[in-house]
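Colleague: I have a structure open and would like to go through it with you. Can you put it up so that we look at the same thing?

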Amino acid sequence: MKSKGECLAYVSLKNLGIELGGQKIIDQLDLDVEEGEFLVLLGPSGCGKSTLLHSIAGLIDIAAGSIEIAGTDVSHAEPSDRQIGMVFQSYALYPTMTVEKNMSFGLRINGVPKAEIQKRIARVAEMLQLQNLLQRKPAQLSGGQRQRVAIGRALVREARVFLFDEPLSNLDAKLRTELRRELKLLHQNLGSTMLYVTHDQVEAMTLASRIVVMRAGKIQQLGTPTEVYERPANLFVAGFLGAPAMNFIPGKLDTVQNFSSEYLKLALPAYVCATESAHADDVVLGIRPEHLQIQEHGTYSGQLALVEPMGNHQLLWLNMGKQQLCLLDHDNRNFVLGDAVHFDIDTARASLFDAVSGLRL
Amino acid sequence: MLKTRRKWTPARLGIYAFLLTAAAFFLLPLYIMLVTSFKSMDEIRLGNIFALPMHITMEPWRQAWSTACTGVACEGISGGFWNSVAITLPSTVLAIFLGALNGYALTFWRPRGAQILLGILLAGAFIPVQVMMFPLVRVLATLNIFSTLPGIVVVHVIFGMPIMTLLFRNYYLGIPQELFHAARIDGGGFFRIFVQLMLPMSLPMIVVAAIMQVTGVWNDYILGLVFAGREHLPMTAQLNNVINTTTGTRMYNVNMAATILTALLPLAIYFISGRWFVRGIAAGAVKG
């Protein structure tokens with residue numbers, strides 16, 4: 001085991017460029033994935049995250065830069081030579097083969113001895129509870145079972161890196177939650193390096209050891225789920241993560257860190273800027289709904305416009321003039337529409353962004 | 001759901017009247033051929049072509065199969081039948097295999113210029129056979145396979161290639177690319193993915209392609225006549241000889257029996273696999 005300080009990049013992308021049909025999808029991208037890490041690529045559809053994963057798998061040719069896996073340059077290697085296992089959104093099981101044959105296909109091609117194949121399949125089947133399904137065809141399986149088989153097929157390869165391309169997106173909500181948990185357990189038990197593409201922020205938050213937020217082929221932020229959630233690097237990341245989304249309030253910031261907008265004034269003395277010299281006059285204040293606390297004698301107040309009950313909590317939408325705010329109420333109080341709701345702001349957890357560049361101050 | 005009850009409206013009656021007339025129109029020749037083939041020549045001379053045979057005789061069928069004269073020889077069209085089998089079998093298997101291979105390569109491996117290649121193939125489907133006849137004769141003669149069994153098989157495979165390729169390409173377009181990607185990661189090469197993964201998945205399309213190719217090759221006349229040579233004349237060419245060889249009276253009953261024998265295989269295929277055949281026409285809609 002390596003100590004934490006000298007963790008080497010296990011998958012390393014340098015200056016990567018990808019073109020599809022003459023269009024630059026990804027340009028000059030650098031990314032290092034550490035060994036044993038569960039790295040999630042998160043972004044809206046069309047941001048290039050799947051393209052990036054497919055290029056790591058070798059299914060898309062790269063136009064520039066290099067890809068290294070476990071210290072070997074695989075920039076132009078065949079997909080089968082990259083020591084990867086991959087799980088696809090559509091499961092991509094071989095429909096004419098049984099579950100067992102599906103899992104052993106790659107091993108048989110590579111001439112792995114029969115006994116070894118048997119051993120690996122038995123182990124993986126036990127891990128994923130597939131023992132009773134080994135002789136079935138994919139058509140006889142449910143969606144969740146199919147995806148478990150697909151995961152199993154990747155696992156028996158005992159690859160260096162596992163790639164997941166939105167593996168849970170085709171499943172219904174309940175199964176998705178279940179399989180998400182299984183995946184997390186699997187990663188905990190195996191400790192293998194995993195790269196996971198999704199547009200679902202809940203999946204990203206729950207699974208990732210680090211999240212890469214992408215937009216239009218560019219990395220917006222790279223950090224642990226907490227970092228990305230608590231200290232978003234820019235307005236895009238702030239707005240993309242979190243449901244309901246972060247409240248944005250445009251306003252001015254003076255030199256002693258007093259924020260003022262038309263409807264709300266706020267002192268932020270303890271705010272730690274991302275860089276020391278960071279300052280802007282026109283700013284956007286970002287506050288998550290859960291950081292607005294309802295208080296009977298709170299400093300601020302807004303007019304209740306809408307209530308969304310969620311069962312264990314409810315969302316309150318307030319109007320402060322033209323400014324709309326969303327806040328979370330965990331106590332499911334009874335409110336009447338049009339009432340004034342008083343609240344306080346947890347200033348220590350607020351974010352400030354430059355209104356022009358969108359970057360975090 | 002409410003079950004809507006079909007009412008006998010005038011429009012519906014009209015449709016049925018039309019369909020029944022159309023069916024009768026197409027079935028009448030077959031009916032006449034069938035009844036005539038079981039009549040003796042004496043009975044035919046009475047002239048009641050719609051009448052059922054008074055005394056059923058199998059003699060015309062026996063003659064057509066084994067003693068009717070096809071030119072100089074008088075051995076019936078049984079020889080032609082086996083010739084046609086010998087031509088159709090390899091022509092179908094080879095054309096399907098190569099067509100599937102082409103479709104697979106064009107869909108999944110997307111070689112440079114795949115689109116242009118496909119365009120050329122499509123154009124090939126529209127060029128009349130007659131245009132290519134003479135050049136092909138020269139080519140086959142140069143290769144020393146003109147007027148041989150391999151010669152006629154090669155010709156059929158060539159002419160079947162555009163439609164077979166398009167058929168399989170359209171089928172493979174419906175298979176998710178991810179499946180191919182998964183096989184690539186598993187280490188499958190060009191032929192292994194084709195043989196172990198794609199071909200087994202193509203079974204429905206293989207059936208359709210086989211129906212189209214078998215009926216096409218079996219019914220062919222002009223290519224067989226030109227390229228097969230005397231030794232391997234297909235059944236259709238033999239049938240023509242039977243009917244055109246007149247020594248004395250024209251044996252209508254024998255001619256009818258020989259014609260039905262020749263048409264038997266495609267007919268059987270249409271009847272047995274009507275469902276598949278319709279699907280094939282729909283899939284091969286490019287050809288029209």
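Modeller: What follows is a walk through a predicted model, taken topic by topic.

Colleague: What are the overall scores?

Modeller: The model scores ipTM 0.85 and pTM 0.83.

Colleague: And what is the average pLDDT of chain B?

Modeller: Chain B averages 88, and 93% of its residues score at least 70.

Colleague: Which elements of chain B have the lowest and highest mean pLDDT?

Modeller: Helix α14 (residues 274-283) of chain B has the lowest, at 62. The highest, 95, belongs to helix α4 (residues 78-109) of chain B. Over residues 284-288 of chain B the pLDDT is below 50. That stretch has seven contacts in the model beyond near neighbours in sequence.

Colleague: How many helices and strands does chain B have?

Modeller: Chain B has 14 helices and zero strands. Its C-alpha trace spans about 75 × 70 × 30 Å along the principal axes.

Colleague: What share of chain B is buried?

Modeller: Buried residues make up 34% of the 288 residues in chain B. As for contacts in chain B with a separation of 6 or more, 76% of them come from residues 24 or more positions apart.

Colleague: On to the two chains together. How many residues of chain B are in contact with chain A?

Modeller: On the chain B side there are 14, and they are in contact with 16 residues of chain A. The largest share, six residues, comes from α8(B).

Colleague: What kinds of residue are on that side of chain B?

Modeller: They divide into seven nonpolar, three polar and four charged.

Colleague: Now the inside. Which residues have the most contacts in the largest nonpolar core?

Modeller: That core has 138 residues, and those with the most contacts inside it are V40(A), L41(A), L163(A), L195(A), Y196(A) and V212(A). Helix α7 (residues 149-173) of chain B gives the most to this core, with 13 residues.

Colleague: Where does the core lie relative to the domains of chain A?

Modeller: Domain 1 (4-236) and domain 2 (245-354) of chain A both give residues to it, so the core lies between them. Apart from this core lies another, of twelve residues, among them M235(B), L239(B), M256(B) and A258(B).

Colleague: Back to V40(A). What does V40(A) touch?

Modeller: Leaving out residues up to four places away in sequence, V40(A) touches Y196(A), T198(A), A204(A), L207(A), A208(A), I211(A) and V212(A).

Colleague: Let's take one helix. Is α4(A) mostly covered or mostly open, and by how many residues?

Modeller: α4(A) is mostly covered, with ten of its 13 residues buried. R146(A), Q147(A) and R148(A) are among the buried residues, and so are V149(A), A150(A) and I151(A). What covers the buried residues includes β6 (84-87), α2 (99-109), α3 (114-127), β7 (161-165) and α5 (173-190) of chain A.

Colleague: What span should that helix have?

Modeller: At 1.5 Å a residue, helix α4 (residues 143-155) of chain A should span 18 Å. Its end C-alpha atoms are 18 Å apart, which agrees.

Colleague: Another spot: is D61(A) buried or exposed?

Modeller: D61(A) is exposed, because 11 other C-beta atoms lie within 10 Å, and a residue counts as exposed at 12 or fewer. D61(A) lies in the loop between α1 (49-57) and β4 (64-69) of chain A. D61(A) and L20(A) are 41 residues apart in sequence and 9.0 Å apart in space, C-alpha to C-alpha.

Colleague: Last one. Where does Q303(A) lie?

Modeller: Q303(A) lies in strand β16 (residues 300-309) of chain A. Q303(A) is partly exposed, with 14 other C-beta atoms within 10 Å.

Colleague: And what does Q303(A) touch?

Modeller: Not counting residues up to four places away in sequence, Q303(A) touches L318(A), N319(A), G338(A) and A340(A). Q303(A) and R153(A) are 55 Å apart in space, C-alpha to C-alpha, and 150 residues apart in sequence.

Definitions and conventions:
Residues numbered from 1 in each chain as written. Chains lettered and ligands numbered in written order. Predicted model: local features only at pLDDT ≥ 70, side-chain atom pairs only at ≥ 80, totals over all residues. Core = buried A, V, L, I, M, F, W, Y, C linked by C-beta atoms within 7 Å. Buried ≥ 20, exposed ≤ 12 C-beta atoms within 10 Å, placed from the backbone. Helix = DSSP H or I, 4+ residues; strand = E, 2+ residues; numbered from the N terminus. Domains from an automatic or database assignment. Contact = placed C-beta atoms within 7 Å. Expected span 1.5 Å × (residues − 1). Nonpolar A, V, L, I, M, F, W, Y, C, P; charged D, E, K, R; others polar. pLDDT = per-residue confidence, 0-100.
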